[in-house]
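Subject: Structure handover

Hello,

Here is the structure I promised you. Please open it alongside this email. My notes follow below.

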Amino acid sequence: MSRNIFEKYDSKSLKKIFWAVGGLCFILGLYGWYDRFAYGHIHAHYGSVVTWGLWIAAYIYFIGLSAGSFLVSSLIYVFNIKAFEKIGRLALFTAIVTLVLALLSVWADLGHEFRAWHVIVYANFTSPMAWMIYLYSFYVLIILLEFWLVNRKDFIVGAQTQDWKGKIYRILALKSKDISDQSVERDHRWVKILASIGVPVAIMFHGGVGALFGVVAARPHWHSGLFPILFLLSALVSGGALLAMVSIIFQDGYNKNKDTVILLGKMVLGMLILDVIFQVSEFLVAFRGGIPGHIAGLQMVISGKYWPVFWIWQVFLGTVVPIVILSSKLKNSAFYVGLACLFIFVGIFGLRLNIVIPGLAVEEIKGLATAVTSQRANVLYFPSLTEWMLTIGVSGLGMLMFGLGEILLPKEKHQE
């Protein structure tokens, strides 16, 4: 068949399904947020041994999506690669949405979430986390200002209408009224400057997330100089995969934007193969080095209680299946590229789980978990209903934010 059976559905049908799933997930998530604020951390299954769980894995997953989407946007606004021009605004918006989801996920994990501002005011600059927080703050300012400049002219034009959208555009225009060619050209120059600054900032802050794990010598599973690089590579893979999927849904990627989706698939395939090479290198060096703590963590991943997450979720679904699809003749079909990217998108979350949980589940002192009679002193971590529901709700919120962006934000000129 020259045309896949699923490609007969137009973008409107895909959007309706996307919004329906997002709304359902958001509603389910309300239970998780209620339980979190009503009972604190009591119903979460992390404890004194495994102190980080699903929410931290979700945090590094979403922040990787944000960094990856932003770095893809730099291909347009810094390196002027015209082939990706159609997804410029979408890439920036995706980076903003996933950044919000990341911050919500880590916020839910905090013991005193309303004291989060203390990290900025009382920062300890000998800590990688302090530097990471300040880089986050700088990144937020850059990405919001860049997104506003990219859309400024359209906000001003849209503000001329008298409907409810016009009122919103008048607010978003921030009293700016100049739409002359000189003003638009100035916007383009500033976008390039901000994007150029944002590239090293995105690399530093997400590499910093990897470094935050990598510098913990007491956790051999994390203690690796490759972690900052692995975090960046997986961010590019997952961010590119997400952009391919949302382009299919919101830019009619089966028809009008098919070439961009296919090109994204090729880029994602290259990054995925490179990511696999680095991950295999990490395993080979660890097993050849023979450091017991490091090997214990990896053995828990590949042959311990978490093996299904690694072999089925991460390796088979998230790596092997996408590589087969994107390396075959199917790579020229927008549907199959989107399907491969969906597998990658899901598989990278398995990778994040395999970073956070096994690194903590290996006892620092053998017998520590059995020395204390407490449910909190347990290495057998599995997320609770509250943890799952809240994470599902955060994901649903992200989907609804994409829907809101579809309604409110100007479309790419190349789509019209």
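Trp117, Val119, Ile120, Val121, Tyr122, Phe125, Met129, Trp131 and Tyr134 make a nonpolar patch of about 910 Å². Patch residues have over 30% relative accessible area and no salt bridge, and nonpolar side chains (Val, Leu, Ile, Met, Phe, Trp, Tyr) are joined within 5 Å, like charges within 9 Å. A salt bridge is a side-chain nitrogen of Lys or Arg within 4 Å of a carboxyl oxygen of Asp or Glu. Areas come from the Shrake-Rupley method with a 1.4 Å probe, and for residues only the protein chains shown count as cover.

This is a predicted model: local features need pLDDT of at least 70, side-chain atom pairs count only at pLDDT 80 or more, and totals for chains, interfaces and linings use all residues. Residues are numbered from 1 along each chain as its sequence is written, and side-chain values use heavy atoms, without hydrogens and water.

Helix 4 (118-121) and helix 5 (128-158) each supply at least two patch residues. Helices (H or I, at least four residues) are DSSP runs numbered from the N terminus. Tyr122 sits in the loop between helix 4 and helix 5. Tyr122 counts as exposed because its relative accessibility is 57%. The cut-offs are under 20% for buried, over 50% for exposed, and partly exposed in between.

Now the inside. The largest nonpolar core has 114 residues, and Tyr139, Val209 and Phe213 have the most contacts inside it. Helix 2 (residues 54-77) gives the most to this core, with 18 residues. A core is a set of buried Ala, Val, Leu, Ile, Met, Phe, Trp, Tyr and Cys residues joined through side-chain atoms within 4.5 Å. Beyond neighbours within four places in sequence, Val209 is in contact (heavy atoms within 4.5 Å) with Tyr59, Ile60, Ile63, Met132, Tyr136 and Phe231.

Helix 8 (residues 227-250) is largely enclosed by the rest of the structure, because 21 of its 24 residues are buried.

Gly359 belongs to helix 12 (residues 334-361). At 3% relative accessibility, Gly359 is buried. Gly359 and Pro220 are 139 residues apart in sequence, yet 7.5 Å apart in space, C-alpha to C-alpha.

Last, the backbone. Most residues other than glycine have a negative phi. Asn80 has a positive phi, near 55°, and lies in the loop between helix 2 and helix 3 (88-109). Lys175 also has a positive phi, near 65°. Lys175 is exposed, at 79% relative accessible area.

Best wishes

Notes. Buried means under 20% relative accessible area, exposed over 50%, partly exposed in between (1.4 Å probe, protein chains only).
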